Amino acid sequence: MAGPRAKELHHVPLSVLLMLAGMWLFICMAALQYPEDLGNDPHLVEMGAGIIVFLTGLVRLSRPRGKETDLLVTVVGVGLILSGFFGDWGAEVIRWNQVASGCVLALLGLLGLMLAERSRDSGKPEKPREPGEQDGSTGRTRSARRTARHTS
């Protein structure tokens, strides 16, 4: 597959994972059966994080992405980890869900940053060489390689 967007396609799975994580944060209260006597406070934290993460994944699919989206996901993940440790929710299931979800989000954000860095490095133009400078792959000068290619 060729074209300017072809090298960005490896970001699609990461965007889909972000959207799935956002959906999980929306349904986790029902799926894990949070105690009803706690109210909605812990779930409001998770819903807010879920909305941010889901929309970030959606944005990554629809436009050229930047480091900002990955940093945002990493910050939301760290926020969930801190909320799990320092939020006095009263139920262990909430604490561990927030810590685990936060770790997943932080890792996805860091993975996105690493992919962006790798993509940026692979897109750098090659350093221009002098006409008589040797090519490291063959030991011949570029002009000698060109001559050999055109004469054969």
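The model is a predicted one, and its protein chain comes to 5 helices and 0 strands. Of the 152 residues of the protein chain, 33% count as buried. Among the contacts between residues at least 6 apart in sequence, 66% join residues at least 24 apart.

**Helices α1 and α2**

- Helix α1 covers residues 12-31 and helix α2 covers residues 41-62, and their axes come within 7 Å of each other while crossing at roughly 160°.
- Because of that angle, α1 is roughly antiparallel to α2, the cut-off for this description being an angle over 145 degrees.
- The crossing in which α1 passes α2 is left-handed.
- On the α1 side, the residues that make the contact include Leu-14, Leu-18, Met-19, Gly-22, Leu-25, Phe-26 and Met-29, while those on the α2 side include His-43, Met-47, Gly-50, Ile-51, Phe-54, Leu-58 and Leu-61.
- Sorted by class, the contact of α1 with α2 has 17 nonpolar, 5 polar and 2 charged residues.

**Helices α2 and α3**

- Helix α2 also packs with helix α3, at an angle of about 160° and with the two axes 10 Å apart.
- These two helices are therefore roughly antiparallel to each other, and α2 passes α3 in a left-handed crossing.
- The contact is made by Val-45, Glu-46, Ala-49, Ile-52, Val-53, Thr-56 and Arg-60 of α2, together with Thr-69, Asp-70, Leu-72, Val-73, Val-76, Leu-80 and Ser-83 of α3.
- The residues of this contact of α2 with α3 divide into 8 nonpolar, 3 polar and 3 charged.

**Salt bridges**

- A search of the whole structure finds 2 salt bridges.
- In one of them, Arg-60 pairs with Asp-70, and the closest N and O atoms of the two residues are 2.5 Å apart.
- Arg-60 lies in helix α2 and Asp-70 in helix α3, which spans residues 67-86, so the pair ties together parts that are 10 residues apart in sequence.
- Arg-60 counts as buried because its relative accessibility is 4%, and Asp-70 is likewise buried, with a relative accessible area of 1%; the cut-off for this term is under 20%.
- Arg-95 forms a salt bridge with Glu-92, and here the closest N and O atoms are 3.6 Å apart.
- Arg-95 and Glu-92 both lie in helix α4, which spans residues 92-122, and they are 3 residues apart, or about one turn of the helix.
- Glu-92 counts as partly exposed because its relative accessibility is 48%.

**Ile-81 and its surroundings**

- Ile-81 has its place in helix α3, and with a relative accessibility of 19% this residue counts as buried.
- Leaving aside residues up to four places away in sequence, Ile-81 touches Gln-98, Val-99, Gly-102 and Cys-103.
- The C-alpha atoms of Ile-81 and Leu-105 are separated by 9.6 Å, although the two residues are 24 residues apart along the chain.

How values were computed
Residues are numbered from 1 along each chain as its sequence is written. This is a predicted model: local features need pLDDT of at least 70, side-chain atom pairs count only at pLDDT 80 or more; totals for chains, interfaces and linings use all residues. Side-chain values use heavy atoms; hydrogens and water are left out. Axes are lines fitted to C-alpha atoms, for helices over the stretch in contact, and angles run from 0 to 180 degrees between N-to-C directions. Helices (H or I, at least four residues) and strands (E, at least two) are DSSP runs, numbered from the N terminus. Angles under 35 degrees count as roughly parallel, over 145 as roughly antiparallel, 65 to 115 as roughly perpendicular and the rest as oblique. A crossing is left-handed if the near helix is turned anticlockwise from the far one by less than a right angle, and right-handed if clockwise. Contact means heavy atoms within 4.5 Å. Ala, Val, Leu, Ile, Met, Phe, Trp, Tyr, Cys and Pro count as nonpolar, Asp, Glu, Lys and Arg as charged, and the others, Gly among them, as polar. A salt bridge is a side-chain nitrogen of Lys or Arg within 4 Å of a carboxyl oxygen of Asp or Glu. Buried means under 20% relative accessible area, exposed over 50%, partly exposed in between (1.4 Å probe, protein chains only).
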